[in-house]
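Subject: Structure for you to look at

Hello,

Here is the structure we talked about. Please open it before you read the notes below.

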2 protein chains.
Amino acid sequence: MREVFQQSLREVQERLVKIAELVEDAIENATSAFGNSDVAIAEKVIDDVEEIEALAAELDLHAIDILARQQPVASDLRLVVGALRMSASLERMADLAQHIAQLARYRYPESAIPKGLTKTFVRMAALDVEMAAKLVELLRTQELDVVAEIRDLDDDLDELHAKVFEKVLSDKLANNPTGVVDATLASRYHERFGDHAVSVAKQMQFFLSGSLD
Amino acid sequence: MREVFQQSLREVQERLVKIAELVEDAIENATSAFGNSDVAIAEKVIDDVEEIEALAAELDLHAIDILARQQPVASDLRLVVGALRMSASLERMADLAQHIAQLARYRYPESAIPKGLTKTFVRMAALDVEMAAKLVELLRTQELDVVAEIRDLDDDLDELHAKVFEKVLSDKLANNPTGVVDATLASRYHERFGDHAVSVAKQMQFFLSGSLD
């Protein structure tokens, strides 16, 4: 019975790692589609996100099943309850990757990136991908140090987000409302992606240390 | 023991109703601040949202405590697990009300609403407030019919969201990048508010009927 229980908990962790890996692929592909106006990759992302949603729903059922049958306590309970929240955040990260891919598809064959913001969005994309990779590492290794690294990356992302608004509100994009809308939304999607990555990291911290700070 | 358990479950429901009522107040005040450029109300919303976050965190601890001590099953388990998800969605709704209030405060004493979009945002605000009120009703009465009403309101909201983009991308707002940014963000906040209301409604449906469809 104890062995079955330990196996169920390992499965929670493995499923979280798997979903996080797919989120990493999704954001890598979405930002590549956005940067290169590649509509084929954009469509692949949109399909892949459905798989992530299905896996997150399965993980939820698995976690609820553990709660119902095995009555976990202490750190085991924190992992199972945390998994329900982490799956919701990972799903939202996948949705945001999908939104970025959709922006690329809407504007195709034009670029969704207004002039003068190319480098900024390349850096935001790199930060998002790195955060997703760090999440995979955190979920796999359960090393508490990785949490701080993810928070630092999110701070960098927030700075770039503020920079996009500065640029968008300057004169340079006057007469280009489409560019203003696209940059506003894309930047917001990147910023929210980072926020959800931090939420997942905080849940892992709570599981590992019992503390949220 | 059974009596204690029933009381704990009633408390879950009561806490959800309380948080939803505060979210209703927050969105009502936020959209009023946004529509009337009222910076005092905007600041009140920003403060009130902190209380909502604290109540949501308390509800989470209460729900985790029930899971740990009372091992609920079947619909009781669905309520407690659902409460963890609903509290996260209600908290996000409060955040979105806060974002709307912040837009009003940033632009003060100017209006954050670009010309030609006043009526659309008044309608979006009315829909958001109505959805929040319906959520309170659903959580209090547990009447399954209310779920469909909330979904219908969300469809109306999505239509208005599409309309804002149409307007923003038309010539009328050329040379007004601030207006384009504000309208883009505000409309997105309203749309997300509706999506989270639907998420909460779906969780209640799952609790009440055991089915997600």
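Is A:Glu191 buried or exposed? A:Glu191 counts as buried, at 13% relative accessibility. Please keep in mind that this is a predicted model.

A:Glu191 forms a salt bridge with A:Arg188, with 3.4 Å from N to O. Both residues sit in helix α6 of chain A, 3 residues apart, which is about one turn of the helix. A:Arg188 is buried too, with a relative accessible area of 7%.

Over all chains there are 28 salt bridges. Another one pairs A:Arg15 with A:Glu58 at 3.7 Å, N to O. A:Arg15 belongs to helix α1 of chain A and A:Glu58 to helix α2 of chain A, so this pair ties together parts that are 43 residues apart in sequence. Both are partly exposed: A:Arg15 has a relative accessible area of 24%, and A:Glu58 comes to 42%.

In A:Lys134 and A:Glu149, the closest N and O atoms of the salt bridge are 2.6 Å apart. This pair links helix α4 to helix α5 of chain A, so it ties together parts 15 residues apart in sequence. A:Lys134 is buried at 19%, whereas A:Glu149 is partly exposed at 32%.

Now the second largest pocket. It holds about 330 Å³ of space. Its lining has 14 residues, and those closest to its centre are A:His161, A:Phe165, B:Tyr106, B:Leu185 and B:Tyr189. The lining divides into 7 nonpolar, 3 polar and 4 charged residues. The largest share, 5 residues, comes from α3(B).

Regards

Terms used: Residues are numbered from 1 along each chain as its sequence is written. Chains are lettered from A and ligands numbered from 1 in the order in which they are written. This is a predicted model: local features need pLDDT of at least 70, side-chain atom pairs count only at pLDDT 80 or more; totals for chains, interfaces and linings use all residues. Side-chain values use heavy atoms; hydrogens and water are left out. On a 1 Å grid over the protein atoms alone, a cavity is a set of points where a 1.4 Å probe fits but cannot get out, and a pocket is an open set with protein on both sides within 12 Å along at least five of seven lines; lining residues have an atom within 4 Å of a point. Grid points are joined across faces, edges and corners, and a volume is the space filled by probe spheres set on the points. Helices (H or I, at least four residues) and strands (E, at least two) are DSSP runs, numbered from the N terminus. Ala, Val, Leu, Ile, Met, Phe, Trp, Tyr, Cys and Pro count as nonpolar, Asp, Glu, Lys and Arg as charged, and the others, Gly among them, as polar. A salt bridge is a side-chain nitrogen of Lys or Arg within 4 Å of a carboxyl oxygen of Asp or Glu. Buried means under 20% relative accessible area, exposed over 50%, partly exposed in between (1.4 Å probe, protein chains only).
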